[in-house]
Amino acid sequence: MNKHIPLAGAALLGSLVLTGSVLAQSSSTSAAKRTIYMSAVEYKGSTTVDKEAFPTAAPPAGRGYKLTPPVDGRWENSTYRYEPGLIVVNRGELVELKIWGVNGAKHDTTIEGYNQAFVVKRGELTTITFKADKPGIFRIICHDHAPSMETQLLVLDSKTRR
Ligand SMILES: [Cu+2]
């Protein structure tokens, strides 16, 4: 019979520890970490000259857009993007970006106004963590694929927290 008393005590202690853990999580919600998953992607399209003529206008400078002239009548085009193109956080949050490199060997990237520089590589997950302490709109720019490969980071200064 005495053997059961320590077990009951242990169960009670476990319950208290769990309660403390739940309280700790809820009290830290206002300064929460916000994790956002992104991808470095390359969209591709193609058709044949008997359906659509090869475009005469050159794409914008930089490697963000590409037109490949017809080979055996088929021509291609592609563009690099960070997805999603707009991310929204609250001022004061700890932001964690997890960016998967789908295509493109590497993407040299900076975040305007936040002094962040990093490289995203194909087949790798790059994790960037920073505190969103300045409100406004800041560009996340891949310098290898200008001008298309940008995401707008919107840091809300609202008192409303979501
Ligand atoms: Cu890129």
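Arg139 belongs to strand β9 and Glu150 to strand β10, so the pair ties together parts that are eleven residues apart in sequence; strands here are DSSP runs (E, at least two residues), numbered from the N terminus. Arg139 is partly exposed, with a relative accessible area of 31%, whereas Glu150 is buried at 17%, where buried means under 20% relative accessible area, exposed over 50% and partly exposed in between (1.4 Å probe, protein chains only).

## Further salt bridges

The structure holds eight salt bridges, and one of them joins Lys106 to Asp144, with the closest N and O atoms 3.1 Å apart. This pair links distant parts of the chain, since Lys106 sits in strand β6 and Asp144 in the loop between β9 and β10, 38 residues apart. Lys106 is partly exposed at 36% relative accessibility, while Asp144 is buried, its relative accessible area being 14%. Through salt bridges that share partners, Lys106, Asp108 and Asp144 are joined into one network.

Arg81 and Glu83 form another salt bridge, in which the closest N and O atoms are 3.7 Å apart. Both partners are partly exposed, Arg81 with a relative accessible area of 24% and Glu83 with 23%.

## Copper site

The copper ion is coordinated by His107 (ND1), Cys142 (SG), His145 (ND1) and Met149 (SD), at 2.0 to 2.3 Å; donors are N, O and S atoms within 2.8 Å of the metal (3.2 Å for Na, K and Ca), and because water is not among the atoms, sites may look incomplete. The angles among the four donor atoms run from 101 to 124°, and the site is tetrahedral, a label given to four donors if all angles lie between 85 and 135 degrees.

Along the chain, the donors follow the spacing H-x34-C-x2-H-x3-M. His107 lies in strand β6 (residues 106-111) and His145 in the loop between β9 (136-142) and β10 (150-156), so this pair ties together parts that are 38 residues apart in sequence. Both histidines, His107 and His145, are buried.

## Basis of the values

Residues are numbered from 1 along each chain as its sequence is written, and side-chain values use heavy atoms, with hydrogens and water left out. As the model is predicted, local features need pLDDT of at least 70 and side-chain atom pairs count only at pLDDT 80 or more, whereas totals for chains, interfaces and linings use all residues.

Technical notes. Four donors count as tetrahedral if all angles lie between 85 and 135 degrees; four count as square planar and six as octahedral if opposite donors are over 155 degrees apart and all others between 65 and 115; anything else is irregular. Helices (H or I, at least four residues) and strands (E, at least two) are DSSP runs, numbered from the N terminus. A salt bridge is a side-chain nitrogen of Lys or Arg within 4 Å of a carboxyl oxygen of Asp or Glu.
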